[in-house]
Amino acid sequence: MKRWINTVAVVVTLGLVALSPIKLALAAGNKYTIALIPGLTTDPFYITMHKGAQAAAQALGVDLVFQGAPEFNPVTQVPVLNAVTARHPSAILIAPTDKVQLVAPLKTASEAGIPVITVDTFIGNGHYQTGTGDADFPLCYVASDNVLGGEIAARALAKAIGDKGKVYVSNVKPGISTTDQREQGFKEEMKKHSSITVLETQFNDDDANKAASQFQSVLARNPDLAGVFGANLFSAMGASNGAKQAHSTGKVKVVAFDAPASIVPELKAGNVDIAIAQHPAEIGYFGVVAAYAHLAGQSVPPLIGTGFTVIDKGNVDDPNVKRFIYSD
Amino acid sequence: MLVEKKITKPAPLAGGEARKAFRWLAVLAAFRAWLFLAILLAAFELWARVAYGGTFVFNPLNVKSIALFTVTPLLLALGQTFVIISGGIDLSVGFTMGLSAVVTAHVYNWAAQSGNSGLSLVVAVAAGLGIAVVPGLINGLLIADLRVPPFIGTLGMYGVARGVAFLLAKGTTVPVQGGLMGAIGNGETLGFPNLVLLTIAIILVMHYLLSHTRYGQHIYAIGGNVNAALRAGINVRNATIALYILSALSAGCAGIFYTAKFSAGAAQAGEPVLLDSIAAVVIGGASLFGGSGTIIGTIIGALIVAVIQYGLVFVNVEPFWQFVAVGVVIIISVLVDQIQKGARK
């Protein structure tokens, strides 16, 4: 599967290269180094993003450096960013771990002449090159539209529960731009479904055990609970396990955001009903392409939105769907 | 046989006329963990009845969920109780648990290729416990032989175990193929979740070890006064190494249970639980300066932490109050401990 993606990536990129002035830069022998700093290094999402970025780097003939911190935290990410900046790469792709705290260190990089592109998460409000505010200096934001992702999750869940009943969001912790937006999109969409009640959001600190216990507590209070939206992997894993322990698997529908390999057996066993896959490889790929285009003198759009795939028991074995499961 | 049995049990209530005024306070303090738990349960029951006309304590789903929820922090806390009684601390248990969870998942998948899932389970559990011994042994050697302070030594091991766990898991969760692991992890025997029953068995072993063996007495003696323990002829080095191995094994069990419960091993499985587990030991009456603490206290402490977190969701309180509530209970516990010490003087 990996080889297949790479092949497609190479073919597509070769096509692009052949048709664009990028070829000239290659011919001129410019060897760029692009640094990719993920939100955390230990997450299948970013690992898959790295693979997409590698495919683009290989196709374009640039060096890719992948360096990050083991946890999603600005305190550990900023030193990594500073170290990378000190080596002065041609461009930095970064998934900032905080909307505010990463602004100053990224500005330092930008002022040193290193173009900055944010992937997956953003700084400021995510609207760049607007000439307003102090966080509009990144060139481009490449990501899934997480608000849209939340809406898609809400629509899928509403359909699964027959458009009525009580649901809640199992979330990590507040302040993370992406999971906040998923929750926001989910709640906005659910407002259009008048027979669905959205209960208080539960924050689990990325602890599956806690998410499971919270599920059971919410269920004990609301025996008519119809569905739960797990805004990330551990939230969904916890909710589905909570359902299993409470013998309510199938009765309470579980929608999971993100689709690492471990989601497949859960979908097949019916523990998780729907998984919303982002396309992290696409994010990495187009992040590198955008950086390269800028370095080669091309203009770059300030926002590149990547897609989603809705996965359920019925389509999980379909090769066109399966390829969006995050690989490790 | 220099050390008499029960000599090192938590101090008996102080006698004497001058101390009489504080006596009621001391009684209260001795049972503070039980008292807290009772008050909490009563408060949630009242809250549920008044606000929703429902029951909290008598809802079987609540009881089962709280029991299951307590398993992980309690397992980390059981080993930690021994370490804290000895005057040490083990910060590495969270990632020892994660390491064990990942190794258990990998080994189970590898062994399951043979087609014998029962045997694979045994091999996987053995591997999960075996790998846990490694950080425990290194912790013990660092602390006993190289005189590294426990806080620093185990903090270092926290990083090492974490790194190795993530490396082995390749940064992702490791799903377990095949149903036996998940069937046991989520199954029930006579209506009781298997994981809860297994945890009770581990509790009994730990309780026996701490309060009915000479080894347990040595731990209290080391925590009370390490020089006196040495003079009494206790092999402090070996006892210390055994302590950290015990703590790691306890965390290893938590890791194996995690993999069984979620049918997947995750390196970060125990990370968020570490502080809750230390809180459980402290709320349960153990002193971070060593020399006191009991397994039963730790169980009550773990239940208190779990009941607060579960109950506040049940009564639908804004989630962030959970942190505040657990923090307040820890502070009150330590305050009561201090007052109790004052009463004894």
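**A walk through a predicted two-chain model**

Let's start with chain A, whose domain assignment gives domain 1 (2-138 + 279-307) and domain 2 (146-277); such bounds come from an automatic or database domain assignment. This is a predicted model, in which local features need pLDDT of at least 70 and side-chain atom pairs count only at pLDDT 80 or more, while totals for chains, interfaces and linings use all residues. Residues are numbered from 1 along each chain as its sequence is written, and chains are lettered from A and ligands numbered from 1 in the order in which they are written.

The centres of domain 1 and domain 2 of chain A, taken over C-alpha atoms, are 31 Å apart. Where they meet, 6 residues of domain 1 of chain A are in contact with 4 residues of domain 2 of chain A; two residues are in contact if their C-beta atoms, placed from the backbone, lie within 7 Å. On the domain 1 side of chain A, these residues divide into 3 nonpolar, 1 polar and 2 charged. Here Ala, Val, Leu, Ile, Met, Phe, Trp, Tyr, Cys and Pro count as nonpolar, Asp, Glu, Lys and Arg as charged, and the others, Gly among them, as polar.

Next, a helix of chain A. Helices (H or I, at least four residues) and strands (E, at least two) are DSSP runs, numbered from the N terminus. Helix α11 (residues 280-295) of chain A has 16 residues and should span 22 Å at 1.5 Å a residue, which agrees with the 23 Å between its end C-alpha atoms; the expected span is 1.5 Å times one less than the number of residues. Because 14 of the 16 residues of α11(A) are buried, this helix is largely enclosed by the rest of the structure. A residue is buried if 20 or more other C-beta atoms lie within 10 Å of its own, exposed if 12 or fewer, and partly exposed in between, with C-beta atoms placed from the backbone. After α11(A) comes Gly297(A), with a positive phi near 90 degrees.

Two other residues deserve a look at their backbone. Most residues other than glycine have a negative phi. His88(A), however, has a positive phi near 50 degrees; His88(A) sits in the loop between α4 (74-86) and β3 (91-94) of chain A, and counts as partly exposed because it has 13 C-beta neighbours inside 10 Å. Gln129(A) has a positive phi near 55 degrees and belongs to the loop between β4 (116-119) and β5 (140-144) of chain A. With 16 other C-beta atoms within 10 Å, Gln129(A) is partly exposed.

Now for the interior. A nonpolar core is a set of buried Ala, Val, Leu, Ile, Met, Phe, Trp, Tyr and Cys residues joined through C-beta atoms within 7 Å. The largest one has 208 residues, and those with the most contacts inside it include Ile34(A), Ala275(A) and Ile304(B). The helix α11(B) gives the most to this core, with 15 residues. From chain A, domain 1 and domain 2 each provide at least three residues of this core.

Finally, how do the chains meet? The contact takes 27 residues from chain B and 33 residues from chain A. On the chain B side, α3 (60-85), α11 (236-262) and α13 (295-314) each supply at least two residues, and α3(B) gives the most, with 6 residues. As for confidence, the predictor gives the complex an ipTM of 0.74 and a pTM of 0.76.
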